[in-house]
Amino acid sequence: MAASEEEIPPVLRVSQLDAAELDSAILQHLKSQVSRSFQYFKPGILTRVEPEVNACLRFLLWKFTIHTASATVGQKLLNLRYSGSSTTAGLTDRQKLLYALIVVGGKWLQDRSHDLASWTGQTSLFQSVSKVLSAAENCLKVASVVNFLVFLQQGQYQSLLERALSIRPVYDRKQAIRQVSFEYMTRELLWHGFAEFLFFLLPLINIRRWKNVVTNQLLGSGQQDSDVNLRGPVELKECAVCGEWPTNPHDIGCQHVFCFYCIKANQLADPGFSCPSCSQPANQIRPVNSVPVTIMSS
């Protein structure tokens, strides 16, 4: 017996946990599909029978997975299946039925235990049963935590169900030796580290200010002239930042006109902002007087 146990390769803990997560995700996906199919019915029609619907879904999953192949959907995806003995044989009929009774019936009883009060009334018998069920549920939660800690240490019996039925996952097919490319892993680690560095660095850089500096260098600064009388029809009809008709026109002492939002937003983002056309510093923002507006309208 000991020799046969040594011949069975142990299943990785991460594979067992991944299989359990996949099973939970598949069940949630089925629940969402059922809920979507009832979305055009009378509201609340599915809520009254939700525990029974969930029990039916769990029974169907058990019928087409554990009953037929001794493996859940998640285990099949990871090349695993359950073994009910020290050898690699599948589950016995007794273990399959007990598995269905606990997974389907136990979960249904847990879902319906909160609704028993409305069915049986607040009697002393029901209060006693309710206390017993509540205490049993709390004990199961504590036992699940302890069992999980033992599983992390020993690598067997990931859930209380597996420990109670003495079943454990084994590889369905012989595992081949995997060749891991460390060059690929190193490249991925370097890329993720560089991406995290950029996410940390970019918020510290005043991108708008550098954009204004580069724009002034490429387009040239032009001549600085603070005489507002030199404004032509182009300056009066075009914002020097966005190029559109100035909304609530303001200036900064040069002949160019800005939308109030454009000049104020740039000044708040970059205190050293200057006019992109003539490099006049935006030290003082003032509304355009009525004289240029009259010329512009004419």
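This is a short walk through one predicted protein model, from the whole chain down to a few side chains.

Some housekeeping before the residues. The model is predicted, so local features need pLDDT of at least 70 and side-chain atom pairs count only at pLDDT 80 or more, while totals for chains, interfaces and linings use all residues. Residues are numbered from 1 along each chain as its sequence is written, and side-chain values use heavy atoms, with hydrogens and water left out.

Okay, the overall picture. We have 14 helices and five strands. Those are DSSP runs, numbered from the N terminus: helices are H or I with at least four residues, strands are E with at least two. The chain has 298 residues, and 29% of them are buried. When I say buried I mean under 20% relative accessible area; exposed is over 50%, and partly exposed is in between, using a 1.4 Å probe and protein chains only. Now contacts, meaning heavy atoms within 4.5 Å. Take the ones between residues at least 6 apart in sequence: 59% of those join residues at least 24 apart. As for surface, the chain exposes about 20300 Å², with carbon and sulfur atoms supplying 61% of that. Those areas come from the Shrake-Rupley method with a 1.4 Å probe, and for residues only the protein chains shown count as cover.

The largest share, six residues, comes from α10. The patch covers about 1200 Å², and its members include Trp 191, Phe 194, Phe 197, Leu 198, Trp 210 and Val 213. The patch rule takes residues with over 30% relative accessible area and no salt bridge; like charges are joined within 9 Å, and nonpolar side chains (Val, Leu, Ile, Met, Phe, Trp, Tyr) within 5 Å. Ile 207 is one of the patch residues, sits in helix α11, and counts as exposed at 56% relative accessibility.

Now for something on the inside: helix α6. It runs over residues 93–112, so 20 residues, and spans 28 Å from first C-alpha to last, close to the 28 Å expected at 1.5 Å a residue. That expected span is 1.5 Å times one less than the number of residues. The buried residues here are Gln 95, Lys 96, Tyr 99, Ala 100, Val 104 and Arg 112.

Let's stop at Tyr 99. Buried or exposed? Buried, at 11% relative accessible area. What does Tyr 99 touch, leaving aside neighbours within four places in sequence? Trp 62, Ile 66, Thr 72, Tyr 82, Leu 161, Leu 165 and Ile 167. And the C-alpha of Glu 162, 63 residues away along the chain, is 8.9 Å from that of Tyr 99.

On to charges. Side chains of opposite charge can pair when their charged atoms come close. The rule for a salt bridge is a side-chain nitrogen of Lys or Arg within 4 Å of a carboxyl oxygen of Asp or Glu. How many salt bridges does that rule give? Three.

Two of them share Asp 172, and Lys 76, Arg 81 and Asp 172 are linked in a network. Asp 172 meets Lys 76 at 3.6 Å, N to O. Asp 172 is in the loop between β2 (168–171) and α10, and Lys 76 is in helix α5 (residues 73–77), so this pair ties together parts 96 residues apart in sequence. Asp 172 also pairs with Arg 81, with the closest N and O atoms 3.2 Å apart. Arg 81 lies in strand β1 (residues 80–83), so here the parts tied together are 91 residues apart. Arg 81 is buried at 14%, whereas Lys 76 is partly exposed at 44% and Asp 172 partly exposed at 28%.

There is also Asp 251 with Arg 286, at 2.9 Å, N to O. That pair links strand β3 (residues 249–251) with strand β5 (residues 286–287), 35 residues apart. Asp 251 is buried at 3%, while Arg 286 is partly exposed at 34%.

Last stop, Asn 266, in helix α13 (residues 260–269). Asn 266 is buried, at 6% relative accessible area, and a polar atom of its side chain lies 2.6 Å from the backbone oxygen of Cys 262.

Methods. A polar contact is a pair of N or O atoms within 3.5 Å; within protein, one must be able to donate a hydrogen and the other to accept it, and residues adjacent in sequence count only if both atoms are side-chain atoms.
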